[in-house]
Amino acid sequence: MCERAAELGHSLLFPAICRYCGARIYLFATPEGGFAIFDDVGGDWPKHDCWGVHQAATHYTDLDPTFSRDYPFPVPAHAQHRTPTAGSGVVGTVLREDRPSRPGGLWESLIFDGTSVLRVAFADGQYVGRCIRGFVQLRHGQAVLTAVEVLSPPEPAAAGQRQRPTPTELTQLRASDLWTLQALANTLAATHPKPADTLRQALDAFLNGYTLTGVFFVARLLLTAPIPTSVKANLVRLTLVGLVDLKLHSVLPGLVARLSGGTIAALNSETRRSLDRATKLAELLKKHMGPQRLREALDRRFTKELRYFQRTEGPLVDEFKQFWQVT
Ligand SMILES: [Zn+2]
């Protein structure tokens, strides 16, 4: 989206259906790399927030990205074409427009409203890539959009999205950690294709805010995969940071106990120190918070992620549940 916005030379506001909750949403990207998801256009531009999308989301990946090749925009391949009814309001992004064949004629255009491609005409053009709204009038059997307005979030809403501290909800997981994950996956691809796939799944989960899922994949490799110890040492940091950020220290001692001596020995001093600190904190937390409250914190998050996991990783669901010991 940001690349497309850069090509257009202006921000791109594009309707879609949220892959998690099914609501109509508006994806917004600036040429500078800013990104936001809105519930609605206009008013106070409410940001979308549902069980799958966090308000501070800095990206959004369609689960089934089969886009139509007919447009230079992310229009689903199965989007229906239709002509809007007279009197109806239309909100959508202009995909294409044809210059009128005679002076004073109408611009015929295609607009995507998040579900369908609408055939409408308007009196003036130059709207490609703009999100517009207007009302439909029938003129000689043609749907003509009137009172056309170009929609764009106000500067503060857009500007607020320009700082991108981390690409995930985690505060300590650095962008460099994610690049490390990507690099490890590439390194392993030739010799260990399955673990490489698992690393990519972990990366995808972290980027989408499914941290338990990401940690699960990484920990699974740590504990079971026949991969080089140097790779495992790298994965310890990711697991550690994920758990600490989610305040799930309680899971750590059990996990550390299952790491091989070779992996522990291969850790760098910084990771080893963090691991010691976090393990001590886990024991303290257990003493002061009690297992009940620790459990609750984990369960809340688990419930949120289980649906995602079931949909994408069916065969591993039981292992995932067992790992987090929630039923
Ligand atoms: Zn949603």
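**Entry 1: a helix pair**

I began with helix α4 (residues 193–207) and helix α5 (residues 211–224), which pack at an angle of about 160 degrees with their axes 7 Å apart. I noted α4 as roughly antiparallel to α5, because angles over 145 degrees count that way. This is a predicted model, so I am reading computed geometry throughout. The crossing of α4 past α5 is left-handed.

Next I looked up who makes the contact. From α4 I listed P195, T198, L199, Q201, A202, A205 and F206. From α5 I listed T211, T213, G214, F217, V218, R220 and L221. I sorted these contact residues into eight nonpolar, five polar and one charged.

**Entry 2**

I then turned to an open sheet of three strands, ordered β1-β2-β3 with antiparallel pairing. β1 (12–17) and β3 (35–38) are the edge strands; each has a single partner strand, so one side of each has no neighbour in the sheet. On average, I found neighbouring strands here turned by 25 degrees against each other, direction ignored.

Strand β2 (residues 24–29) pairs with β3 over four bridges, in the antiparallel sense. To find my place in that pairing, I used Y26, which sits opposite F38 in β3.

**Entry 3: β5 and its partners**

My last stop was strand β5 (residues 89–98), which pairs with strand β8 (residues 131–139) in the antiparallel sense over five bridges. In that pairing I marked V91 opposite R133 of β8.

β5 also pairs with strand β6 (residues 107–112), again antiparallel and over five bridges. There I marked T93, whose bridge partner in β6 is F112.

Note on methods:
Residues are numbered from 1 along each chain as its sequence is written. This is a predicted model: local features need pLDDT of at least 70, side-chain atom pairs count only at pLDDT 80 or more; totals for chains, interfaces and linings use all residues. Axes are lines fitted to C-alpha atoms, for helices over the stretch in contact, and angles run from 0 to 180 degrees between N-to-C directions. Angles under 35 degrees count as roughly parallel, over 145 as roughly antiparallel, 65 to 115 as roughly perpendicular and the rest as oblique. A crossing is left-handed if the near helix is turned anticlockwise from the far one by less than a right angle, and right-handed if clockwise. Two residues are in contact if their C-beta atoms, placed from the backbone, lie within 7 Å. Ala, Val, Leu, Ile, Met, Phe, Trp, Tyr, Cys and Pro count as nonpolar, Asp, Glu, Lys and Arg as charged, and the others, Gly among them, as polar. Two strands pair if DSSP finds at least two bridges between them.
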